[in-house]
Amino acid sequence: MDYELTPKLLPGTILEVTERDVKVTLKGRMGIIQVPLRSVISDHALQVGQTIQVYLSYIQVV
Amino acid sequence: MSITFETAKQHQNDPAVLCCLRTKGTIISASDLEDPSIFPDLEESGLLNIPEHGLTIGQVLGATLERDADSMTPLTPELVSHISENQMDELESEKITTSPNTGEDPTHETQVIRFNIDKLVGQIELPPGLNVNALPFATTASKKAEDKVIRTLTQRAYPVDQVCVGAETSFQDKVLTIREALCEESLKADPLVKNVELDIIRPEDRHIYSNTIMDVIPIATKVEGILGEGVTHVMNGVIVVLTGVDEKGIQVHEFGSCEGYLDEKIRFGRPGSPDSEDIMIRVNVTVQENTGMERRGPFAAHKACDSIIQEIRDVLKDAPADASTDQKVFRDWKKSGKPRVILVKEIMGQGAMHDNVLLPSEPAGVIGGRRNVDLGNVPVVLSPNEVRDGGIHALTCIGPATKEVTRHYFREPLVNLMAEDEEINLAGVVFIGSPQVNDEKSYVSARLGALAEALDVEGAIVTTEGFGNNHIDFAGNIEQIGRRGIKVVGVSFCAYQGQLVVGNKYMDAMVELNKDPEGFENEILADSTICPTDAERALIMLKTKMAGVPIEPANRKWSQEVIDANEQLMS
């Protein structure tokens with residue numbers, strides 16, 4: 001099946017920060033993602049409650 | 001990618017651009033041309049620049065390419081020869097054939113007018129004195145089609161001014177009392193339920209924190225007959241709000257939950273929401289830890305809540321008819337002579353919370369119903385009255401703004417509008433689940449198409465709650481209906497965040513449900529669900545399409561202006 005997947009700029013909020021990773025909830029039921037700290041770009045130290053944004057589309061199984 | 005002759009015909013006035021490398025001397029056909037529907041994207045990205053003097057598809061078909069040209073080359077008069085001004089018309093005319101009269105008697109041939117009729121609707125009037133016995137068809141006296149009532153549902157409304165907790169459950173003089181011990185007893189509904197609390201929230205006290213809202217449930221009960229017919233008692237001015245969390249404090253709808261202050265997290269007045277003056281009975285259920293993401297956890301919470309509501313239903317059954325302040329009568333009709341249409345409601349069927357109970361024993365109840373996931377998500381037909389009598393108990397997907405809760409189905413604007421409309425015959429409301437994987441989606445969509453064909457309908461409106469991979473079967477459902485020659489209109493939240501990821505040629509009449517200024521699932525309960533104005537837009541669009549009036553192509557991106565303009569047209 002052919003899809004037209006277009007990344008959308010989605011806002012979100014940091015839920016949890018550990019010494020290994022960060023957990024983020026995305027606005028509008030897009031889910032929660034957990035990524036290593038190196039995947040996050042920030043001018044300041046990460047804190048719970050900070051607003052983030054990320055370009056995201058759907059996950060397609062190939 | 002090259003196009004077909006049919007696509008070329010649709011786009012005969014659009015620019016002609018080569019899809020692939022073509023050599024000098026090529027006689028240009030549709031298979032040499034690129035699909036014009038992707039030109040806006042190509043132009044936006046700088047890959048294509050269409051000159052002002054470029055030729056159209058209609059002009060270049062049958063023309064000769066004068067030199068080698070690469071893909072994505074717009075065709076101009078310098079590049080091609082033997083250009084036709086009306087190529088498409090010529091090609092079209094080749095399809096028209098006439099058959100001479102082959103009658104054996106040449107003298108008789110001059111006395112007969114013979115013509116073929118593909119389809120005839122209406123009536124023919126013949127002059128008096130004509131010998132009707134010589135006509136090649138039988139004449140019948142005109143018979144006036146009569147509408148017939150199939151079943152009647154009476155809903156008696158009982159206003160509630162005050163709700164309190166007491167020693168016994170009772171309902172008298174507009175005061176509902178709920179037995180205090182009910183919460184403790186509701187734990188027996190399912191071992192996964194670990195705690196149940198109940199409180200009464202009056203309209204002026206809504207600035208109160210709450211766990212995520214799992215459902216909004218009307219209080220209604222059967223007094224006579226079965227679901228969809230007979231008599232139902234309904235409480236007005238009071239609504240049950242089910243909220244949920246697990247033992248570890250994780251919201252049952254962790255992905256996009258709507259916990260927070262109730263006055264900020266609910267769009268009051270939507271078909272599925274509490275109304276502005278409603279008293280809310282909040283039932284907060286705590287389920288066993290880590291079961292919030294499995295089917296059994298949220299379903300246990302619904303069962304516990306339903307056991308509480310059932311005791312209220314039992315006292316509502318005894319309310320005297322003369323204490324009712326309002327009475328509504330709903331009828332399921334068989335309208336002869338009106339075009340048959342169906343409403344297709346796509347509901348979630350991917351698993352936990354993406355599930356619904358169909359046809360419970362009590363209105364908006366749980367017990368006695370079957371879940372669409374267990375039924376394999378295949379289409380199930382309900383009569384309009386069965387839907388309006390609480391035939392769907394939503395276990396409810398997790399997008400607060402776009403999910404359809406139980407109360408939404410109880411007062412579904414499209415069901416009400418289509419059932420009461422004088423110009424159509426609503427043959428039924430089809431509920432079809434949205435399974436998780438694509439081969440299952442294709443399976444149930446194909447069954448929907450077969451059902452629509454068997455019901456012999458002329459039109460259909462397909463709606464879906466939520467967004468995500470359910471948009472794949474939304475497109476599939478529309479395609480399966482549309483390819484059978486049935487006119488179809490789609491209704492969904494898409495906007496910015498829920499943009500469709502697949503499409504087909506039958507998705508040319510779509511109604512947007514978004515109410516968020518930025519086009520997001522804004523996590524406010526029921527905000528972007530079907531409202532009466534959306535339902536009106538959808539039905540007018542269906543009637544327009546069925547009448548054969550062309551519908552303008554949609555904008556490439558979501559635009560609120562289109563919705564505003566359409567609403568302006570209706571007013």
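Visitor: Is B:Glu420 buried or exposed, or something in between?

Guide: B:Glu420 is partly exposed, at 41% relative accessibility. For that label, buried means under 20% relative accessible area, exposed over 50%, and partly exposed in between (1.4 Å probe, protein chains only). This is a predicted model: local features need pLDDT of at least 70, side-chain atom pairs count only at pLDDT 80 or more, and totals for chains, interfaces and linings use all residues. Side-chain values use heavy atoms, with hydrogens and water left out, residues are numbered from 1 along each chain as its sequence is written, and chains are lettered from A and ligands numbered from 1 in the order in which they are written.

Visitor: Which side chain does B:Glu420 meet in a salt bridge?

Guide: That's B:Arg388, at 2.9 Å, N to O. A salt bridge here is a side-chain nitrogen of Lys or Arg within 4 Å of a carboxyl oxygen of Asp or Glu. B:Arg388 counts as buried, at 2% relative accessibility.

Visitor: OK, what about B:Lys441 and B:Asp473?

Guide: Their side chains form a salt bridge too, 3.1 Å from N to O. B:Lys441 is buried at 2%, and B:Asp473 is buried with a relative accessible area of 2%.

Visitor: Switching topic: which residues are linked in a network of salt bridges?

Guide: B:Arg295, B:Asp355, B:Arg371 and B:Asp374.

Visitor: And how many salt bridges over all chains?

Guide: The structure holds 33.
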